[in-house]
Each structure stands twice: as C-alpha cells, then as structure tokens.
Amino acid sequence: MDSTPSNLESSVSVPSVQELAFQGPEKVPPRYIRDEDGDDIIGTYPSDPSLRVPFIDMAKLVNADTHQLELQKLLLACKDWGVFQLVNHGISNTSLKNMGNQVQRFFELPLQEKKRWAQRPGSLEGYGQAFVTSEDQKLDWNDMIFLKCLPIENRKLDLWPQNPPEFRETLERYSEDIREVTISIMKFITMSLGLQDTQISESFREGLYDIRMNCYPPCPEPERVLGIVPHADNSGITLLLDCADFPGLQFLKDKKWVNVEPIEGAIVVNIGQIIEVMSNGIYKAPEHRAVVNKVKERFSIVTFCYPSPHMNIGPADMLTGEGNVAVYKNLTHAEYFSKFFNRDLNESFLDGLRI
Ligand code: OGA
Ligand code: NI
C-alpha cells in the first residue's frame with residue numbers, strides 16, 4: 001500500500017468479496033471473521049421473531065380522515081424504533097424494480113469492467129469498499145458502489161457506470177424520486193415532533209443525496225461474518241431499497257436484533273444522526289447491521305439524505321428552552337462532516353456532539 005489515508009473519507013483498497021466468493025472457498029479468510037479475539041458481535045444479542053418493524057402508510061398521512069392516527073403511529077415508530085417500512089410513498093414498483101435490476105446487472109459485470117469506475121485514492125466515491133483505513137481492520141462481507149447523486153453539481157460522472165447502458169439515467173431518475181419522498185416524509189416527521197414550520201423538511205429540497213449500492217455475495221460461513229458491521233447512519237434520514245426476497249438487514253431493538261422482512265414496493269426509512277441532533281435526542285438514530293447468507297446474493301440501494309449545507313445542525317429552537325435543555329451542540333454542516341470524517345472509530349460519534 002503506497003499511502004495511508006489520514007481520515008475516513010478515503011478507503012484502503014481491499015479485494016472484491018464477490019471475486020472471493022466466486023472461488024467457492026470452504027472457509028472465510030481471517031480478515032472477515034468476527035467471532036475471534038473478543039470481537040463477538042454475532043450472537044451477542046438474541047433475535048426475536050415476534051418483533052416487527054412498524055409500517056407507515058404515506059397515503060394515510062396525506063388523507064385528512066386518517067392523518068391524525070397515522071401521524072401518531074409515525075411518532076411511535078420514530079421514538080420506539082427509529083425505523084419503519086414506508087408504503088404508498090408514490091414511487092412505482094416498476095421504477096424500484098428497474099433500479100434494482102440495474103444495480104444487479106452492474107455487479108454481474110466482470111471485475112475489470114467494474115473497475116473502470118473504481119474509487120480513486122482519497123475518496124469514498126466509486127466502486128470499492130467503505131471505511132477501510134488500515135491493513136489489519138476487520139472487513140465487511142460486502143462490495144459497494146457509492147455515488148453522490150444530488151445536487152447535480154456534486155455528481156462525479158466519471159465514476160458513474162455506463163454499463164449497463166441504462167444505469168445512469170435510471171439512477172438520475174431514482175435519486176429525484178427519492179428526494180420527493182424524503183421531503184414529504186420529513187414534513188410528517190417534523191410535524192410528529194410538534195414542529196410547526198417546514199424549515200427542516202424544506203431544507204431537504206436543496207439537500208444532499210448520496211447513494212450506496214451494496215452487493216452481499218453468498219458466504220460459506222455466514223454466521224462468522226457481517227455484511228455491514230453495526231452502525232448508525234450519519235444522515236438526516238436514510239431510505240433503503242431492499243432488492244432481496246429474504247432478510248439481511250437487522251435493527252437493534254431492546255437489545256435484540258430484529259430482521260427487516262423485505263416487502264415489495266416498500267422503502268425502509270431510518271432516522272439518521274442529524275435528525276437525532278435536530279430532534280434534541282427525542283428521535284434516535286438506530287443501530288443496524290447486515291447479515292449474509294450461504295446461498296443467495298443480496299443487493300440493497302441505500303440513500304443517505306442530508307439537509308441543505310446552508311442548514312446548521314443543532315437542536316430545533318422549538319424543542320429547547322423553557323425547561324428543555326439542548327443536549328447537542330449546534331454545528332455548521334462543514335463542522336459536522338469534519339468531525340464525522342475525523343472521528344475515532346472506537347468512540348460514539350454522537351457522544352462527541354453532546355454538550
Ligand atoms: C448502510 C446500511 C444495510 C443494508 O449502507 O448504511 O446500513 O442492508 N446498509 O444494505
Ligand atoms: Ni446504515
């Protein structure tokens with residue numbers, strides 16, 4: 001390795017997990033094994049099949065007759081879970097399927113072809129892996145392509161695949177559709193917090209939309225690896241499209257890992273750390289992870305939605321004062337990201353933002 005990046009925005013290059021899986025090994029290489037040297041993540045918490053991530057129906061939020069009841073459901077979903085499955089959000093099943101197909105076709109290309117859009121030194125964007133900063137770090141069982149999609153000026157088109165041929169236009173369309181859903185659901189999320197103005201939700205109109213497309217290849221020892229290590233997202237909110245028909249994504253609820261059952265046409269929405277800060281901790285960014293499978297490949301398309309860079313990241317005025325003390329600092333967008341990319345991976349990022 002010729003250089004060690006100084007912060008987490010860049011990634012050390014590591015082998016493709018898909019290529020590794022193609023070779024059909026009986027055992028997983030040690031760098032992916034999580035159950036050694038005290039790193040016992042799998043099995044730490046029991047899973048509970050009776051728990052189910054709540055559903056929120058956007059059509060009921062919009063309809064005057066059902067609005068109040070559904071808003072109450074949304075409040076509980078955000079407070080108790082930090083995640084829900086959103087249905088009737090307005091993006092057609094066909095569009096979602098199209099996007100899923102394009103991503104699957106991209107990952108099915110030969111490695112050399114995918115590498116045309118590989119990450120460059122010093123940047124997370126492109127095809128590769130995220131947050132690998134040292135040669136001895138444990139690795140996720142996952143390949144990804146990460147692209148900044150909105151605003152349009154942020155696109156680095158030289159990293160946007162031209163193969164499959166419809167990839168770019170499908171992603172362009174998808175990111176615009178996701179932005180519309182984000183503005184609408186943010187309007188209801190802030191409403192559920194009792195915030196009367198639409199400043200926060202409207203700030204997602206000029207927001208940033210970064211899309212991470214994940215491929216989780218089959219794994220010979222799935223119980224010893226993680227697709228993605230437990231984490232909370234640093235976004236405002238995250239909208240995830242699960243392209244599989246079996247679970248892989250899990251959220252931590254009352255110290256139990258709960259599977260998210262993929263539902264055709266639904267979008268999984270979770271609270272990110274920015275909304276945790278803006279809600280002054282009333283809503284929490286939930287811990288989640290991805291587990292993998294012995295026989296089936298899984299794809300997911302994850303959009304990290306951020307408010308406009310002009311928006312400060314701090315507790316909303318209406319939620320502080322008169323007996324409610326602000327528990328988080330107020331930061332500019334730039335300060336927030338600088339702290340995030342220079343954080344200590346062994347410490348909680350949000351704890352560092354507490355007053
Ligand atoms: C992420 C994430 C989970 C998944 O990319 O931040 O949590 O199921 N992904 O792909
Ligand atoms: Ni995540």
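Mentor: Keep in mind that this is a predicted model. Begin on one side of strand β4, with the residue Tyr127, which stands opposite Ile145 in β4. That pair belongs to the contact between strand β3, residues 126-128, and β4; three bridges join the two, and they run antiparallel. Strand β4 itself covers residues 143-150. Seven of its eight residues are buried, so the strand is mostly covered, where buried means under 20% relative accessible area.

Strand β4 also pairs with strand β5, residues 208-216. Seven bridges join β4 to β5, and this pair runs antiparallel. Here Lys148 stands opposite Asp210 in β5.

Now turn to the metal site. The nickel ion (ligand 2) is coordinated by His231 through NE2, Asp233 through OD and His288 through NE2, at 2.1 to 2.2 Å. Along the sequence, these donor residues follow the spacing H-x1-D-x54-H. Asp233 lies in the loop between β6 (228-231) and β7 (237-242), while His288 is in strand β11 (residues 288-290), so the pair ties together parts that are 55 residues apart in sequence. Asp233 is buried, because its relative accessible area is 4%, under the 20% cut-off. His288 is buried too, with a relative accessible area of 5%.

How values were computed: Residues are numbered from 1 along each chain as its sequence is written. Chains are lettered from A and ligands numbered from 1 in the order in which they are written. This is a predicted model: local features need pLDDT of at least 70, side-chain atom pairs count only at pLDDT 80 or more; totals for chains, interfaces and linings use all residues. Side-chain values use heavy atoms; hydrogens and water are left out. Buried means under 20% relative accessible area, exposed over 50%, partly exposed in between (1.4 Å probe, protein chains only). Helices (H or I, at least four residues) and strands (E, at least two) are DSSP runs, numbered from the N terminus. Two strands pair if DSSP finds at least two bridges between them. Donors are N, O and S atoms within 2.8 Å of the metal (3.2 Å for Na, K and Ca); water is not among the atoms, so sites may look incomplete.
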